[in-house]
Amino acid sequence: MTGPVPLHAMRLVFLGPPGAGKGTQAQILAARFGARQIATGDILRRNVADGTELGKKAKAFMDAGSLVADDVIVAMMERELGVGAPFILDGFPRTVAQAEALDGMLARLALPLGAALQFDADRDVLIERLAGRWTNPRTGRTYHTLFNPPRVAGIDDEDGGPLVQRPDDSRDVVSERLATYDAKTKPLVDYYAHAGLLQRIAGLQPIEAVTADVLRALGADGSGGLVA
Ligand code: AMP
């Protein structure tokens, strides 16, 4: 096939530590190009809130800032990915075993990945960002008291729903989540570099500047096409 690949046909993985901006950028791109944002953390939190079997299996790990078991996550993602492309995976894979399982699933579905974007950010800033973060538990949309405040404190601009501070955004659990990231998820940077899919994005810029870098990294032209 020649010519630009439409961005709305992309299948993307968003990597990076908690607070680096994966979710914010995934929401922006998904809305702009009609892709599905598949945020594993949001799916898990909905399951915890609904008291499902999956939620019961996940809760203790989430509260502690560690990872839910690979087989539980992979089974969940098999259901999600069966629904169809395009998609932005936000928070999955988080281990090499999950990345290998994803490769297998996508090979079976004949849906190759387009790119893996790594959002980089310094530890101190991540702790600061997560401490000021407010989340809509229903949609996963996030705000920040300083950097991206809602029009009315505690209320989502979009749907008027209440915003909450996630219990695992507290400083103690955040240090644990960052340690988990370093030990389990960071190796995926090399994994996707070897696969020739990795693009690095400086996550510490203002939201619009990060979006511009993301579009540039994906080779998006003005019409939302991708230059091959
Ligand atoms: P997040 O909203 O992406 O920060 O995820 C919140 C929590 O959900 C994480 O700290 C993990 O406990 C769990 N979780 C989310 N995605 C995964 C995954 N791919 N593998 C294992 N655990 C996950």
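**Figure 1. Helix H2 and the shell around the ligand.** In this predicted model, H2 supplies four residues to the shell around the ligand, the largest share. The shell numbers 17 residues, and those that come nearest to the ligand are Thr40, Arg45, Ser66, Gly91 and Gln98. Sorted by class, the shell holds seven nonpolar residues, together with five polar and five charged ones.

**Figure 2. Polar atoms facing the ligand.** At Ser66, a polar atom of the backbone sits 2.6 Å from an oxygen atom of the ligand. Gln98 uses its side chain instead: one of its polar atoms is 2.9 Å from a ligand nitrogen. At Arg177, an N or O atom of the side chain lies 3.1 Å from an oxygen atom of the ligand. On its own the ligand has 490 Å² of accessible area, and the protein covers 95% of it. Two elements each give two or more residues to the shell: helix H2, spanning 40-50, and helix H3, spanning 53-64.

Figure 3. Arg177 belongs to helix H7, which covers residues 171-185. With a relative accessibility of 11%, Arg177 counts as buried, because the cut-off for that class is under 20%. Its side chain makes a polar contact of 2.8 Å with the side chain of Asp169. Beyond the neighbours within four places in sequence, Arg177 is in contact with Pro18, Gly65, Leu130, Arg133, Arg166, Asp168 and Asp169.

**Figure 4. Asn47 in helix H2.** This view returns to H2, where Asn47 is found. Is Asn47 buried or exposed? Its relative accessibility is 15%, so Asn47 counts as buried. Setting aside neighbours within four places in sequence, the contacts of Asn47 are Thr52, Leu54 and Gly55.

Figure 5. Strand S2 runs from residue 11 to residue 15, and five of its five residues are buried, so the rest of the structure largely encloses it. Which residues cover each face? Arg11, Val13 and Leu15 lie on one side, Leu12 and Phe14 on the other, and all of them are buried. S2 runs parallel to strand S4 (residues 87-90), and four bridges join the two. Within that pairing, look for Phe14, whose bridge partner in S4 is Asp90. Strand S5 (residues 115-120) also runs parallel to S2, and four bridges link these strands. On the S5 side, Ala116 stands opposite Val13.

**Figure 6. His144 at strand S7.** Our last stop is His144, which is placed in strand S7, residues 142-144. His144 is buried, since its relative accessible area is 7%. Two backbone oxygens approach a polar atom of the His144 side chain: that of Glu128 at 3.5 Å and that of Arg129 at 3.4 Å. Leaving out neighbours within four places in sequence, His144 is in contact with Glu128, Arg129, Gly132, Arg133 and Pro149. For a sense of scale, His144 and Tyr192 stand 48 residues apart in sequence, with 30 Å between their C-alpha atoms.

Note on methods
Residues numbered from 1 in each chain as written. Predicted model: local features only at pLDDT ≥ 70, side-chain atom pairs only at ≥ 80, totals over all residues. Heavy atoms only, no water. Near = heavy atom within 4 Å. Polar contact = N/O pair within 3.5 Å; in protein donor to acceptor, adjacent residues only side chain to side chain. Areas by Shrake-Rupley, 256 points an atom, 1.4 Å probe, with all protein chains shown as cover. Nonpolar A, V, L, I, M, F, W, Y, C, P; charged D, E, K, R; others polar. Buried < 20%, exposed > 50% of the residue type's maximum accessible area, 1.4 Å probe, protein only. Contact = heavy atoms within 4.5 Å. Pairing = 2+ DSSP bridges.
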